[in-house]
Amino acid sequence: MVGYRGFEDGISKLKQVTGRNHHAIQCYIIGVISGAVPHRFLIVVRALVDFHYLVQAPVFTDHSLDRLTNALQLFHDNKDAIVQAGVQDAWEIPKLELLQSMKHCEMLAVSGPVIQWSADATEHAHVQEVKVPARLSNNQNYYDQIACYLDRSDKCFRFDVATYLETRHEGNPSEDDDDSEEEHDIKLDFNDCSLRDHMNLPRLPLNYFVIANALASDSIPNAPKPHRTFSNITTAFHLVTKPSLCMTIDNAAVLFKLPDLRPAIGEFLQHAQNHSNHPVSSVTSQDLCYPLPFDHIQIWYKICIQQFLYHKAQNVDALQTLRVLPPSGDHPHGLYDMVILSPSPNSDWPRQGIEGHVVAQLRLIFCPLDTDYFATYIQRFDVVTQPANSGNVHPITGMYLLRRAMKSSAERLGSVVPISHICSPVHLIPKFGKEAHSHLTRESSCEFSSDFWLNKYWSKELYHALSPLEL
């Protein structure tokens with residue numbers, strides 16, 4: 001997945017491990033070590049990771065505080081498994097000792113979310129005020145040169161403030177005018193302001209829902225059609241104007257190794273014309289010469305999607321890129337990302353979690369030439385049933401276990417659905433078991449594995465969407 005780090009040589013030999021490395025490892029460790037360590041060992045690691053994700057929530061309720069307390073208690077109840085495995089001699093770690101007290105959760109109810117005490121601001125200040133000046137020095141007398149740099153930067157800033165205020169004063173009406181009207185009329189012009197270089201304005205992600213609504217209402221009359229930016233209730237989609245390929249359906253079926261692509265498109269058109277839901281099931285027709293009203297399709301290798309934040313539904317998350325690349329020299333098995341789909345564009349994701357949704361792998365993103373049908377060929381995964389009262393969540397890993405949906409002929413089960421039915425990108429980790437096969441690589445593991453963990457630890461937003469109601 002674009003923007004997420006992988007460790008080609010593993011993590012055992014990492015040096016100078018940073019917070020970013022810890023963050024990346026945290027996203028994968030539960031699924032990777034599952035089956036390779038004792039159950040109680042895995043429960044300890046999972047409980048600690050659950051605590052990390054839960055405590056970083058921007059808001060808390062009584063229920064979320066109970067979950068936080070349960071995760072912490074689960075860790076302390078099983079942490080002796082780490083000592084028994086010979087990994088840790090003792091638990092004389094100050095930070096963990098502080099977590100011995102359940103009052104930590106009680107303090108959250110009084111002081112508010114921990115995220116407000118983030119050290120990001122001070123770390124950023126350290127970079128701007130110390131590290132940047134140090135890099136600009138000649139590596140001699142650091143303290144003197146840093147102080148000189150900061151002094152001169154402050155003088156430049158004050159000079160810019162003075163010249164800016166003077167410019168604004170000269171351009172305003174005379175002092176005899178009404179002061180209250182003057183205050184309302186003054187608006188900062190950020191395009192013509194020397195202070196802009198000194199202001200750390202927050203970078204808000206571009207809202208593609210607003211763009212999609214503007215295009216749908218014809219507020220942008222000159223926009224090329226069909227519109228490449230559109231949205232449903234939960235997700236906004238963006239495709240580049242120029243497609244990656246344009247070819248016949250049969251050639252696309254060969255390139256992407258999708259022998260039933262033509263009949264799948266035919267069934268998709270039937271549902272679209274009948275305005276019915278698009279079932280994520282196998283193609284019922286086996287006619288590889290299925291007649292279609294078109295023969296050429298436009299193909300995109302990437303699609304960008306945007307969602308609302310889980311806890312702040314009025315704010316949008318950053319744009320995420322999904323790849324659908326056919327086999328090539330660099331990627332002999334192709335690159336196909338995973339998503340959560342809804343049978344209809346009106347989904348309640350993420351409030352009800354995975355219930356009523358399907359996990360699938362994108363295998364082709366296309367639009368028939370001279371139409372406005374943006375669609376995707378997907379291959380489905382089924383949730384493996386777990387013991388009763390678990391909500392089909394694996395009791396040890398706390399994640400859903402998925403299995404590739406197959407036909408009776410041992411072929412993968414696939415179908416074509418509208419792009420607008422995509423709800424969210426997701427990440428799957430192959431179920432390696434006690435030991436991963438030596439021939440599996442980062443590129444081939446998803447193609448040659450049949451069972452996968454639905455990795456809720458991939459991001460904070462996905463964690464809350466896929467976490468069970470009770471720990």
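Helix α10 (residues 208-216) lies across strands β1, β2 (235-238) and β5, and runs at about 100° to β1, where axes are lines fitted to C-alpha atoms, for helices over the stretch in contact (heavy atoms within 4.5 Å), and angles run from 0 to 180 degrees between N-to-C directions. This is a predicted model, in which local features need pLDDT of at least 70 and side-chain atom pairs count only at pLDDT 80 or more, while totals for chains, interfaces and linings use all residues. Residues are numbered from 1 along each chain as its sequence is written, and side-chain values use heavy atoms, with hydrogens and water left out.

**The sheet**
- Five strands form an open sheet in the order β1-β2-β5-β6-β7 with antiparallel pairing, two strands being paired if DSSP finds at least two bridges between them.
- Its edge strands, β1 (229-231) and β7 (335-336), each pair on one side only.
- Strands β5 (residues 302-307) and β6 (residues 320-325) run antiparallel and are joined by four bridges, and C304 has T321 in β6 as its bridge partner.

**The whole protein**
- The protein has 14 helices and 15 strands, counted as DSSP runs (helices H or I, at least four residues; strands E, at least two) and numbered from the N terminus.
- Of the 471 residues in the protein, 42% are buried, meaning under 20% relative accessible area, with exposed over 50% and partly exposed in between (1.4 Å probe, protein chains only).

**Cysteines**
- C27 counts as buried because its relative accessibility is 4%, whereas C246, at 47%, counts as partly exposed.
- Zero disulfides (pairs of cysteine sulfur atoms within 2.5 Å) are found in a search of the whole structure.
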